[in-house]
Amino acid sequence: MSSTMKNRIIQSIAVAIDCSPHSKASLEAAAEMAARLKAELIGIFVEDINLLRVAGLPFAEEVRLYSATTTKLDVGELERLLRQQAKQARELLQRTAEARTLRHTFRVLRGMVPEQLMQGAPEADILVLGRSGRSPSCRKGLGSTARTALSECKMNVMLMRPGVTASEGPLLLLYDGTEAAKRALSTALEIAGPTSTLHLLVTEADLDAIERCKEVTAAIVSGRAIETEYYHLPFRDSRQLVSFIRMIDSGLVVIGEGMNLPPETLRELIDDIDYPVLLVR
Amino acid sequence: MPVPEKLLPAQLFNRCDPGSFEFGTTAELDGATEIAGQQRALEAIRLGMGIRHDGFNLFALGPSGTGKESTVRQFLNAIAPGRARPDDWCYVYNFSKPRNPKALRLPPGMACRLSDDMDHLVETLFSVMPAAFSSEEYQAREKDIGESLLEKQSSAIETLETDAREHSISLIRTPGGFAFAPVIEEKVIAPDDYMAMKKEERDKIEKEIDRLRNSLQSIMAQFPKWQRETAEKIKELNREVSAFTLKPLMEEIRTRYKDIEEVSRYIDEVEKDMIENFGQFLEKDAPEDGPIMMPPPFSPAGRKRSVVRYRVNVMIDNGKLDGAPVILEDKPATQNLVGDIEHAAQMGTLITDFTLIKPGALHRANGGYLILDARRLLLEPFAWEALKKALRTRQIRIESLAQLYSLVSTISLEPEPIPLDLKVVLLGERRLYYMLSQYDPDFNELFKIAADFENDMERNPETHLAYAHLVGSIAVRDKLLPFDRGAVARIVEHGSRMAGDATRLSSNLQAVRDLVHEAEYHAAQNGRTQVSAEDVEAMREAQRYRASRIQERMRDAMMRGMILIDTASEQVGQINGLSVYSLGEQSFGSPSRITARVRLGKGEVIDIEREVEMGGPIHSKGVMILSGFLGSRYAAEQPLSLSATLVFEQSYGGVEGDSASSTELYALLSAISGIPIRQCLAVTGSVNQHGQVQAIGGVNEKIEGFFDLCSERGLDGRHGVLIPASNVRNLMLRQDIVKAVESGLFSIWPVTHIDEGIEILTGVPAGEADASGAWPVGTVNAKVFERLKAMAEKLKAFAEKKNGEPEK
């Protein structure tokens with residue numbers, strides 16, 4: 001048992017909490033994963049330096065969301081609000097973690113949000129955050145923090161959205177036989193729940209690709225009972241991939257960084273699909 | 001004046017000959033009861049029910065037991081099937097004014113169908129609506145509308161963000177909204193760095209931010225409008241989907257009721273409301289009060305409050321009726337008459353809705369006939385006024401009494417009134433009718449026809465047979481032994497006795513019914529298979545015995561001399577009067593001693609009863625009449641110079657009635673003349689100022705009372721009773737008296753004038769005045785005249801002496 005524990009890819013999970021619906025979903029997913037993998041949970045709350053700076057500017061005024069009126073921003077007031085948000089985040093983490101008896105820590109950092117998130121828990125194996133946070137526009141795509149984390153973070157990144165569970169449901173993995181894809185496969189198998197179905201989307205043009213993929217999967221699975229489905233989809237265009245993923249309607253999409261996919265395809269794919277994404281590094 | 005002949009036995013009792021009946025027992029009769037002897041009332045009922053016009057309602061008046069109710073019912077049940085079946089009525093929700101439930105009129109039998117149809121519709125919608133709204137097509141369209149709003153909003157902001165970025169300004173989300181700030185490489189410029197910038201640069205930035213902020217504000221000002229538009233779009237979609245789902249179901253119902261305009265209009269309103277409130281059909285069985293709250297065991301709303309309003313509250317279903325309804329309301333309380341709005345307690349408050357409107361007797365009888373007992377109606381608070389109001393306004397308006405008199409204060413309803421068209425028949429005693437007619441101005445307007453039921457009917461072969469039919473029908477209906485004709489004849493005779501008239505029969509059907517039951521009991525006790533005359537006699541005897549306690553105690557007191565009644569000797573100024581005691585249903589006669597004393601005086605006859613206020617006004621009137629007679633007959637030419645006192649000896653209660661006035665006159669004549677009266681005789685009868693003896697009531701009881709006492713003391717042929725000749729037709733005496741008369745032990749004299757009576761009582765002729773006005777010597781009248789003359793002279797002498805004139 002202990003040896004398998006040690007061999008785990010994920011021992012510690014960092015999660016960004018800002019009390020937005022996306023971050024709540026992130027925390028929930030992270031806690032779920034941590035509980036199954038017996039991993040530690042690290043909650044990170046970042047006090048946005050940008051916000052504090054705005055408040056410090058002489059002309060800073062806030063346009064209120066539901067009345068469109070303006071009010072003066074005040075540093076003291078903002079600090080108080082941030083402290084309160086941090087407290088709420090801590091309580092949320094505590095509640096979630098204690099319900100599952102998880103090891104957990106909570107960190108409050110100040111600075112640029114993406115940077116602080118990436119540096120806040122260097123010991124963590126995975127960073128879980130919302131697809132979009134409390135961003136100004138109600139956009140559908142990725143938030144700026146998520147985008148930065150995807151492109152710059154050194155560890156595995158999982159982007160969550162509310163309404164979809166990460167690992168209890170089905171998983172979908174892009175596979176092309178590369179090392180990155182194999183890493184992604186191992187990680188996916190590790191986080192997959194006991195009842196999850198693993199959909200493998202083989203993107204190699206080669207006709208034997210599926211067979212090879214099956215072999216590799218069987219080796220990694222090594223006797224563990226997991227339902228797998230294989231699909232051969234030799235496309236490299238993000239739009240086709242997105243429509244196929246939507247058709248399968250699986251949950252978490254697992255992608256290995258360094259696969260034989262053009263970076264823009266990958267970005268477009270993550271941008272467009274409305275599912276949580278795990279980028280394995 | 002010749003003394004009248006004693007009555008013959010045949011005159012004392014009008015026998016009913018069993019031989020006059022053609023049947024052996026009542027079992028041979030067909031069991032149908034005919035209404036006999038009530039032609040006048042029947043005529044009135046026929047008229048009242050025949051005139052279809054306002055106010056021609058009927059009041060059937062007569063003593064209780066005369067068969068008012070059964071007569072009216074029998075009549076109405078006979079004519080009702082020939083009349084048109086009235087329409088059904090129901091209450092439905094009023095979509096425009098929920099406080100005023102709408103009354104719908106439907107052809108007979110259709111109300112229940114509409115109710116079923118609506119229930120079925122609602123039930124169907126609970127499965128059809130969710131299916132329509134969970135269809136993929138609907139979901140996709142709804143999502144589409146929602147997302148287009150989001151896109152619109154985000155693209156507006158994104159455009160602004162791009163604009164800002166071009167000027168190195170970033171849109172930042174603050175805890176309460178948005179703010180703009182200058183950025184360098186994604187980082188907001190720190191305040192110190194900013195202040196270190198040149199003023200022109202700062203002004204430029206601030207100006208730019210001002211512009212951006214204004215744009216943002218104008219974008220955000222549009223958000224509510226967009227949201228409203230989106231909501232409207234979704235609503236429109238919902239409306240479209242629900243209308244489409246509803247249409248075929250509604251069409252089905254609509255075609256069924258297309259001929260009834262009001263119902264069609266109602267169905268249109270239902271459809272409109274269902275489309276607007278489609279949501280209520282989506283969550284089936286969802287407890288609206290939440291899971292913790294106990295659903296009340298009785299919820300007027302049933303499963304779901306909101307869909308209750310599509311129910312149909314059927315007030316009147318005449319589907320199974322044959323002709324017009326005939327309703328007898330036994331408890332005419334206001335809410336039983338005009339209906340009621342009930343309330344249900346829910347979570348400690350009283351609530352109601354149109355399904356809790358309850359119909360009253362007026363609803364049920366609408367289009368037909370309603371029979372009510374007047375006394376019960378008047379005893380119920382507000383019921384009389386409510387009935388009158390309904391009849392006057394010709395509509396039934398349901399009002400909650402509690403609400404009306406502010407006893408409760410909850411949300412209540414004012415249901416639309418229902419037009420009223422019916423005939424009301426009130427049953428009651430005459431007294432009630434006359435009182436209402438006198439004191440209630442509305443009464444004569446609303447109850448124009450009075451059906452006056454007779455207390456009794458003429459006695460003839462037809463009514464004899466009607467009695468037989470009545471007895472037979474009671475026997476059949478109540479599963480009694482059949483009555484043989486002898487028993488029926490006895491009952492007919494008793495009917496005459498109840499009527500107090502040998503030539504009439506009582507119409508008190510209730511009394512006859514009781515009689516029949518009792519007689520049958522005796523027959524059954526004796527193990528007979530049919531009721532015979534002996535059983536009726538035994539029943540009568542038992543009745544008499546049961547009622548005779550006081551009578552016997554009084555007679556006992558007379559026998560022992562506690563109450564002084566002489567039935568043997570002859571006495572001056574003393575006579576046996578006869579009085580009747582009424583105790584509840586029973587009455588009996590008993591003799592009482594009346595005495596008179598005279599002395600010199602100024603012509604007054606003092607009625608001691610009146611002086612001590614124990615005599616009623618009629619009694620006093622009788623005494624005054626007799627003193628009028630006395631004065632005019634014997635003292636026309638001279639002052640009546642006596643003072644007389646009259647008294648009922650040993651009377652401790654009151655005395656009322658004038659039936660003793662002739663008796664008192666005899667006592668007075670005896671006292672004045674000094675001629676003794678035979679105490680073996682008793683007298684009854686009233687007298688007028690001419691000395692004629694007039695009829696009185698209770699003659700049978702009076703004779704029997706005296707006979708019982710005499711017979712107990714021993715009859716010797718001298719005993720007898722003087723009755724007014726006009727009362728002979730009332731005689732229905734007991735058989736033992738008839739037998740005593742037959743054997744000459746007891747006599748009854750019919751008397752028409754005082755002169756006849758005094759001769760029988762004293763054995764001295766009364767005497768008739770000759771042409772000069774003088775009375776034959778030795779007669780009673782002569783003696784009275786002489787005595788009075790002597791008294792007048794004596795008084796005159798006294799008066800002169802008193803005035804100081806010298807004695808001659």
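Biologist: Before we start, how are the residues numbered?
Modeller: Residues count from 1 along each chain as its sequence is written, and chains are lettered from A and ligands numbered from 1 in the order in which they are written. The model is predicted, so local features need pLDDT of at least 70 and side-chain atom pairs count only at pLDDT 80 or more, while totals for chains, interfaces and linings use all residues.

Biologist: OK, what secondary structure does chain A have?
Modeller: Chain A has 10 helices and 12 strands. Those are DSSP runs numbered from the N terminus: helices are H or I with at least four residues, strands E with at least two.

Biologist: And how big a box do its C-alpha atoms fill?
Modeller: Roughly 65 × 45 × 25 Å along the principal axes, for chain A.

Biologist: Switching to chain B, which way do β21(B) and β22(B) pair, parallel or antiparallel?
Modeller: Strand β21 (residues 574-583) and strand β22 (residues 586-600) of chain B pair in the antiparallel sense, over 10 bridges. Strands pair if DSSP finds at least two bridges between them.

Biologist: What stands opposite B:Leu578?
Modeller: B:Pro591 in β22(B).

Biologist: What about the turn of that hairpin?
Modeller: There are 2 residues between β21(B) and β22(B), and B:Gly584 in the turn has a positive phi of about 65°.

Biologist: Which strand does β21(B) run parallel to?
Modeller: Strand β26 (residues 681-683) of chain B, joined to β21(B) by 2 bridges. There, B:Gly577 stands opposite B:Val683 in β26(B).
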